[in-house]
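Please examine the structure shown below.

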Amino acid sequence: MGYCFTDLINACHDEWRAYIEHDFVRQLGTATLPEASFRHYLKQDYLFLIHFARAYALAAYKSPTLADLRQAHEGLKAIVDVELGLHVGFCQEWEISEQELEALPEARATLAYTRYVLDTGSRGDLLDLHVALAPCLVGYGEIANWLNDQPNTVRGEQNPFDAWIGMYEGEEFQSAMRAELEWLNARLADVTPARFNELSKIFRDATRLEIDFWQMGLDLTN
């Protein structure tokens, strides 16, 4: 009987729930998140996206098959050609200029997670890298779905963060999340118990770093 992504979640259940249901997420859903916290998060998320693109470049280098190489290329292209532009536009709606974004110093939480991902991918194989990225690739979609399941989530014009929820509940991101889960499940099915334990540690550490990223937004830390 092979493993699947759900087994990774079960292996670090408390950390995963603390990430999905973090106070930053809860307040975003109830429209009570301080706007300064959301702006701080948006700025740092721009820097995270740049390193995310670099992670896809690393994935291309680590790809053992042409299919994996094509997947990495499409991911890199999507971030550089589409997502970064969309993020800059979203930031401008929050009165954050592109010049301000380009001059930003990285917060410690941004440094910690992005360098952990790149270091994990450099030291390990393509599966290690995907597992390190999974809290972001899968987690944001799950967060949007969790928010929609909460009775106190505010939607529409009454919530200034509604567009953020809409981005990650949208079919484009949800489809990408399902594709990533399919890729992970296919490879996790073949790992040994010892290898699964290694991957569980990567997933747990990456999830803890995502928790710190939310907390950075709440605390306005640099």
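**Cavity and helix packing**

The lining of the largest cavity comprises five nonpolar residues, two polar ones and no charged ones (Ala, Val, Leu, Ile, Met, Phe, Trp, Tyr, Cys and Pro count as nonpolar, Asp, Glu, Lys and Arg as charged, and the others, Gly among them, as polar). The model is predicted: local features need pLDDT of at least 70 and side-chain atom pairs pLDDT 80 or more, while totals for chains, interfaces and linings use all residues. Residues are numbered from 1 along each chain as its sequence is written, and side-chain values use heavy atoms, without hydrogens and water.

The lining residues are Phe48, His51, Phe52, Thr114, Val117, Leu118 and Leu133. Helices H4 and H7 (108-123) each contribute at least two of the residues in this lining. The volume of the largest cavity is about 40 Å³.

H4 (residues 35-62) also packs against H5 (residues 66-93): their axes come within 8 Å and cross at roughly 160 degrees. H4 is therefore roughly antiparallel to H5 (angles over 145 degrees count as such). In the contact (heavy atoms within 4.5 Å), H4 residues including Phe38, Leu42, Asp45 and Phe52 meet H5 residues including Leu69, Gly75, Glu83 and His87. By class, this contact of H4 with H5 has 20 nonpolar, two polar and two charged residues.

Terms used: Axes fitted to C-alpha atoms, helices over the stretch in contact; angles between N-to-C directions. Helix = DSSP H or I, 4+ residues; strand = E, 2+ residues; numbered from the N terminus. Parallel < 35°, antiparallel > 145°, perpendicular 65-115°, else oblique. 1 Å grid on protein atoms, 1.4 Å probe; cavity = no way out; pocket = protein on both sides within 12 Å on 5 of 7 lines; lining within 4 Å. Points joined across faces, edges and corners; volume = space filled by probe spheres on them.
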